[in-house]
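Subject: Structure for you to look at

Hello,

Here is the structure I said I would pass on. Please have it open while you read the notes that follow.

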Amino acid sequence: MSQSQGVDPAKLAAARAAVAMVEDGMRLGLGTGSTAAIMVRELAARVAAEGLTLRCAATSRATAELAESLGLRIETLDQIGWLDLTIDGADEVDPHLHLVKGGGAAHLREKVVAAASDRMVVVADPAKVVETLGAFPLPVEVLEFGFETTRKLIRRALEAQDLGECDVLQRLRGSDPVITDEGNLILDLHLARIEDPVALARALSAIPGVVEHGLFLGMCDLAIIGREDGSVIEL
Ligand code: 5RP
């Protein structure tokens with residue numbers, strides 16, 4: 001297909017293998033990030049070459065803009081209603097197919113879209129495969145209202161439940177706060193290891209100012225890990 005020059009071969013291999021799963025007539029969720037962007041380009045090339053009819057919802061404004069620039073029509077999730085398949089990237093994948101996502105600050109929409117899909121397939125390079133989640137700082141989308149209070153409540157909940165001590169840092173771009181597509185802020189939890197992802201997810205979801213965290217537990221059905229030589233392994 002169209003793009004191979006200058007593209008990470010492992011990400012490309014994963015993206016191609018996932019796009020090969022797409023069938024005519026499918027309703028698709030399109031993920032966010034550099035690997036998902038490669039996937040969107042591969043998908044657009046397949047649609048152009050084979051004349052597939054698809055219905056697509058995007059997990060971010062950036063993905064919607066990219067897809068539309070390549071001739072893919074994007075509808076809202078509610079216009080489509082339910083999706084057959086979502087293909088997205090991940091920051092970490094563990095042996096249980098638990099994920100950390102949100103490196104691109106899009107995990108809120110990504111989670112909503114994945115939850116409305118029969119299948120979620122992750123496309124990633126080998127650096128994303130870990131034994132234990134947590135080396136990648138865990139993104140948490142929070143309301144601007146009461147931001148500092150929410151940060152305190154997160155620290156307090158982690159300490160109270162012995163979920164690990166960590167720095168809770170606001171994500172910045174330069175000196176400006178990162179603002180998500182939904183107008184919220186991002187806190188990154190530098191935990192190093194997440195021993196109990198289920199307990200952590202529950203604790204974070206119980207804090208009122210937390211809109212959504214980047215732990216995706218029990219949502220991913222398949223992870224396609226591309227390799228430099230163009231082959232893939234499936235987890
Ligand atoms: C965006 C995400 C991305 O899928 C994740 O950050 C992986 O991105 P990349 O493929 O660029 O490594 O969760 O919120």
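The chain has a radius of gyration of 18 Å, and a compact globule of 235 residues would come out near 18 Å, so the two agree. Please keep in mind that this is a predicted model. Along the principal axes, the C-alpha atoms fill a box of roughly 55 × 35 × 35 Å. Of the 235 residues, 47% count as buried. Among contacts with a separation of 6 or more, 76% are between residues 24 or more positions apart. The secondary structure amounts to 7 helices and 15 strands.

The ligand

The shell around the ligand holds 18 residues, and the closest are Gly33, Thr35, Gly89, Gly103 and Gly104. Two elements give two or more residues to this shell: α2 (34-50) and α5 (107-115). The largest share, 3 residues, comes from α2. Sorted by class, the shell has 10 polar, 4 nonpolar and 4 charged residues.

Glu110

The UniProt annotation "active site" covers Glu110, but the entry is unreviewed. Glu110 is found in helix α5, and α5 is one of the elements that give two or more residues to the ligand shell.

Helix α3

Helix α3 spans residues 61-69, and its buried residues include Thr63, Ala64, Leu66 and Ala67. These residues lie on the same side of α3, because they cover an arc of only 165 degrees around the axis. What covers the buried residues of α3? The cover includes β1 (27-30), α2 and β2 (55-58). On the face of α3 turned away from the buried side are the exposed residues Glu65 and Ser69. After α3 comes Gly71, with a positive phi near 95 degrees.

Leu97 is not a glycine, yet its phi is positive, near 65 degrees. Leu97 sits in the loop between β4 (92-93) and β5 (99-100). With 18 other C-beta atoms within 10 Å, Leu97 is partly exposed, since a buried residue would need 20 or more.

Asp162 is not a glycine either, and its phi is positive at about 55 degrees. Where is Asp162 placed? It lies in the loop between α6 (147-160) and β8 (167-170). Asp162 is exposed, because its C-beta atom has 10 others within 10 Å, and 12 or fewer is the limit for that class.

Regards

Note on methods
Residues are numbered from 1 along each chain as its sequence is written. This is a predicted model: local features need pLDDT of at least 70, side-chain atom pairs count only at pLDDT 80 or more; totals for chains, interfaces and linings use all residues. A residue is near a molecule or strand if its C-beta atom, placed from the backbone, lies within 6 Å of it. Helices (H or I, at least four residues) and strands (E, at least two) are DSSP runs, numbered from the N terminus. Ala, Val, Leu, Ile, Met, Phe, Trp, Tyr, Cys and Pro count as nonpolar, Asp, Glu, Lys and Arg as charged, and the others, Gly among them, as polar. UniProt positions are given in the numbering used here, feature names are shortened, and annotations may be inferred rather than shown by experiment. The radius of gyration is taken over C-alpha atoms; the globule rule is 2.2 Å times the number of residues to the power 0.38. Two residues are in contact if their C-beta atoms, placed from the backbone, lie within 7 Å. The arc is that of the directions from the helix axis to the C-beta atoms.
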